[in-house]
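Biologist: Could you walk me through this one, starting with the charged side chains and then moving on to whatever else stands out?

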Amino acid sequence: MEARSPRELEARNYLEKHRIMELLNYLTSALLFFRPGEPREYLISILERLRISKISGVAFPFFMDNSNIAAMFEMLDSSNRGTISLTQYKEALKILGLCTADEVFKDDGHGITFEKFRCEVNKRTLEICGKTKGKGSESCQSAAEPLLLH
């Protein structure tokens with residue numbers, strides 16, 4: 001093992017304590033994956049969403065593509081009925097950071113279909129990213145697309 005100066009150890013401890021390297025790895029990965037046209041603005045928007053998430057207590061959303069959304073739905077629909085319960089639906093949205101614990105959902109007596117689940121995850125992701133600007137729920141797209149904050 002190489003000897004480390006007290007200054008190097010102090011710097012390493014600071015980075016670990018504040019999880020700076022994890023944050024930088026996440027930011028770099030997102031930047032390289034989405035390759036936005038304006039990378040500085042994109043990075044600033046991620047940091048702003050993280051700050052808002054911390055202040056509001058709402059989890060930072062996990063951005064998923066349609067295959068991830070389908071896998072989550074299939075895990076919830078273990079009996080292959082093609083629907084999940086309203087409770088499962090709300091819990092999934094909470095896990096993804098796409099709703100608050102006190103949000104009220106209207107139960108129409110029907111289960112939640114995969115299509116409704118997919119569209120709602122994508123719609124809420126768009127809203128969080130601030131990219132809906134007048135679009136309604138018809139804007140079903142991949143949840144990853146709104147991250148292209150050009």
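**Salt bridges, rings and surface**

Modeller: Arg118 forms a salt bridge with Glu115, and the closest N and O atoms of the two are 2.6 Å apart. Please keep in mind throughout that this is a predicted model.

Biologist: How are Arg118 and Glu115 placed in helix α6?

Modeller: Arg118 and Glu115 are three residues apart in helix α6, so about one helical turn separates them. Arg118 counts as buried at 15% relative accessibility, whereas Glu115 is partly exposed, with a relative accessible area of 40%.

Biologist: And how many salt bridges does a search of the whole structure find?

Modeller: The search finds six. One of them joins the side chains of Glu91 and Lys94, at 2.9 Å from N to O. Those two residues are three apart in helix α5, and about one helical turn lies between them. Glu91 is partly exposed at 36% relative accessible area, and Lys94 is partly exposed at 27%.

Biologist: What about Glu103 and Arg124, how do their side chains meet?

Modeller: The side chains of Glu103 and Arg124 meet in a salt bridge of 2.7 Å, N to O. This pair links distant parts of the chain, since Glu103 sits in the loop between α5 and β2 while Arg124 belongs to helix α6, 21 residues apart. Glu103 is partly exposed, with a relative accessible area of 23%, but Arg124 is buried at 11%.

Biologist: Is Glu120 buried or exposed?

Modeller: Glu120, which is found in helix α6, has a relative accessible area of 12% and is therefore buried, the cut-off being under 20%. Its side chain makes a polar contact of 2.8 Å with the side chain of Arg124. Setting aside neighbours within four places in sequence, Glu120 is in contact with Tyr89 and Leu93.

Biologist: Changing topic to the rings, how many aromatic pairs turn up in a search of the whole structure?

Modeller: Four aromatic pairs are found in that search. Among them, Tyr89 and Phe105 are edge-to-face, with 5.5 Å from centre to centre and 75° between the planes. Tyr89 is in helix α5 (residues 86–95) and Phe105 in the loop between α5 and β2 (112–113), so that this pair links distant parts of the chain, 16 residues apart. Tyr89 is buried at 2% relative accessibility, and Phe105 is buried at 17%.

Biologist: Why is the pair of Tyr89 and Phe117 edge-to-face?

Modeller: Their planes are at 65°, with the ring centres 6.3 Å apart, so that pair counts as edge-to-face. Because Tyr89 lies in helix α5 and Phe117 in helix α6 (residues 114–128), the pair ties together parts that are 28 residues apart in sequence. Phe117 is buried, with a relative accessible area of 0%. Ring pairs link Phe73, Tyr89, Phe105, Phe114 and Phe117 into a cluster.

Biologist: Last one, what is the phi of Arg19?

Modeller: Arg19 has a positive phi of about 55° although it is not a glycine. Arg19 is in the loop between α1 and α2 and counts as exposed at 54% relative accessibility. Asn80, also not a glycine, has a positive phi near 55°. Asn80 lies in the loop between α4 (66–76) and β1 (83–84), and it is exposed at 68% relative accessibility.

Methods:
Residues are numbered from 1 along each chain as its sequence is written. This is a predicted model: local features need pLDDT of at least 70, side-chain atom pairs count only at pLDDT 80 or more; totals for chains, interfaces and linings use all residues. Side-chain values use heavy atoms; hydrogens and water are left out. Rings of Phe, Tyr and Trp (its six-membered ring) pair if their centres lie within 6.5 Å; planes under 30 degrees apart count as stacked, over 60 as edge-to-face and the rest as tilted. Helices (H or I, at least four residues) and strands (E, at least two) are DSSP runs, numbered from the N terminus. Buried means under 20% relative accessible area, exposed over 50%, partly exposed in between (1.4 Å probe, protein chains only). A polar contact is a pair of N or O atoms within 3.5 Å; within protein, one must be able to donate a hydrogen and the other to accept it, and residues adjacent in sequence count only if both atoms are side-chain atoms. Contact means heavy atoms within 4.5 Å. A salt bridge is a side-chain nitrogen of Lys or Arg within 4 Å of a carboxyl oxygen of Asp or Glu.
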